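Below is a walk through one structure, from its charged pairs to its nonpolar cores and its surface. Please keep the sequence and the model in view while reading.

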Amino acid sequence: MSRLGASVLLAAVLAALVLSGIEPRDRTTWLLEVAPVFLGAPLVLATWRRFPLTPLLASLLALHALVLIVGGHWTYAEVPLGFRVRDALGLERNPYDRLGHFAQGFVPAILAREVLLRTSPLRPGKWLFVLVVSVCLAFSAVYELLEWWTALAAGEAAEAFLGTQGDVWDTQWDMFLALVGACAAQLGLSRAHDRQLARLQRAPIPGGD
């Protein structure tokens with residue numbers, strides 16, 4: 001991805017982050033939900049010169065950041081677009097958090113795939129597919145543990161962050177959707193990802209000799 005393209009994505013994410021922080025529905029929930037953006041964006045910036053990302057991965061990370069930012073502003077159970085989808089499809093709950101957990105598998109799958117292909121002897125194939133899915137499921141499980149620990153520490157104040165909406169199987173649904181997202185990303189985007197990785201490997205490293 002060109003420096004201009006990366007700058008545009010970063011500017012869009014930062015603008016959305018600032019806007020979302022203006023009178024969010026619940027300040028604590030906002031901080032918890034957008035924390036991955038606060039942690040991830042500086043990491044990507046700090047490593048970009050020696051480890052630039054493919055355009056596909058950079059775009060997906062920006063999209064995932066926007067999903068988190070929107071959910072943080074309204075809380076996942078109260079996102080207006082989710083209510084519209086609920087009413088249109090006759091659902092019993094706001095499905096925006098389902099989208100968030102699908103993305104939690106979809107985007108990290110391409111991230112894990114890129115890191116493994118560029119830093120290990122692994123090559124595209126069945127083992128890579130299995131390992132990427134395993135990484136995504138592990139990430140989803142860790143996130144559910146963080147939600148649990150947050151609930152124990154904050155009590156009722158963490159209810160909006162948990163976003164269960166009364167569903168006793170919410171944790172299992174979250175992990176299942178992450179699994180579906182990880183499989184869908186690899187099945188749908190692997191070829192395009194491989195082409196971009198090949199171009200990236202042929203390109204000179206920015207600032208290199």
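Does E114 count as buried or exposed? At 0% relative accessibility, E114 counts as buried, where buried means under 20% relative accessible area, exposed over 50% and partly exposed in between (1.4 Å probe, protein chains only). This is a predicted model, in which local features need pLDDT of at least 70 and side-chain atom pairs count only at pLDDT 80 or more, while totals for chains, interfaces and linings use all residues. Residues are numbered from 1 along each chain as its sequence is written, and side-chain values use heavy atoms, with hydrogens and water left out.

The partner of E114 is R118, with which E114 forms a salt bridge whose closest N and O atoms are 3.0 Å apart. A salt bridge here is a side-chain nitrogen of Lys or Arg within 4 Å of a carboxyl oxygen of Asp or Glu. R118 counts as partly exposed, at 24% relative accessibility. Both residues lie in helix 5, four residues apart, about one turn of the helix. Helices are DSSP runs (H or I, at least four residues), as strands are (E, at least two), numbered from the N terminus.

The whole structure has eight salt bridges. In one of them, R98 pairs with D170, with 3.1 Å between the closest N and O atoms. R98 belongs to helix 5 and D170 to helix 8, so this pair ties together parts that are 72 residues apart in sequence. R98 is buried at 15% relative accessibility, and D170 is buried at 2%. R98 also meets D174 in a salt bridge (3.8 Å, N to O). As D174 lies in helix 8, this pair links parts that are 76 residues apart in sequence. D174, too, is buried. Through shared partners, salt bridges join R93, D97, R98, D170 and D174 into one network.

A nonpolar core is a set of buried Ala, Val, Leu, Ile, Met, Phe, Trp, Tyr and Cys residues joined through side-chain atoms within 4.5 Å. The largest such core has 21 residues, and those with the most contacts inside it are L60, F106, A109, I110, V132 and L189. Two or more residues each come from helix 3 (55-74), helix 5 (96-119), helix 6 (126-154) and helix 8 (170-202). Helix 5 gives the most, with six residues. F106 touches L60, G181, A182, A184, A185 and L189, leaving out residues up to four places away in sequence; contact means heavy atoms within 4.5 Å. Apart from this core lies another, of 14 residues, among them A16, L17, V34 and Y76.

In helix 3 sits A65, which is buried with a relative accessible area of 9%. Leaving aside neighbours within four places in sequence, A65 is in contact with V13 and V37. The C-alpha atoms of A65 and A103, 38 residues apart along the chain, are separated by 10.0 Å.

What, finally, of the surface? W149, in helix 6, is partly exposed, with a relative accessible area of 47%. V142, L145, L146, W148, W149 and L152 make a nonpolar surface patch of about 630 Å². Patches are made of residues with over 30% relative accessible area and no salt bridge, like charges being joined within 9 Å and nonpolar side chains (Val, Leu, Ile, Met, Phe, Trp, Tyr) within 5 Å. Accessible areas come from the Shrake-Rupley method with a 1.4 Å probe; for residues, only the protein chains shown count as cover.
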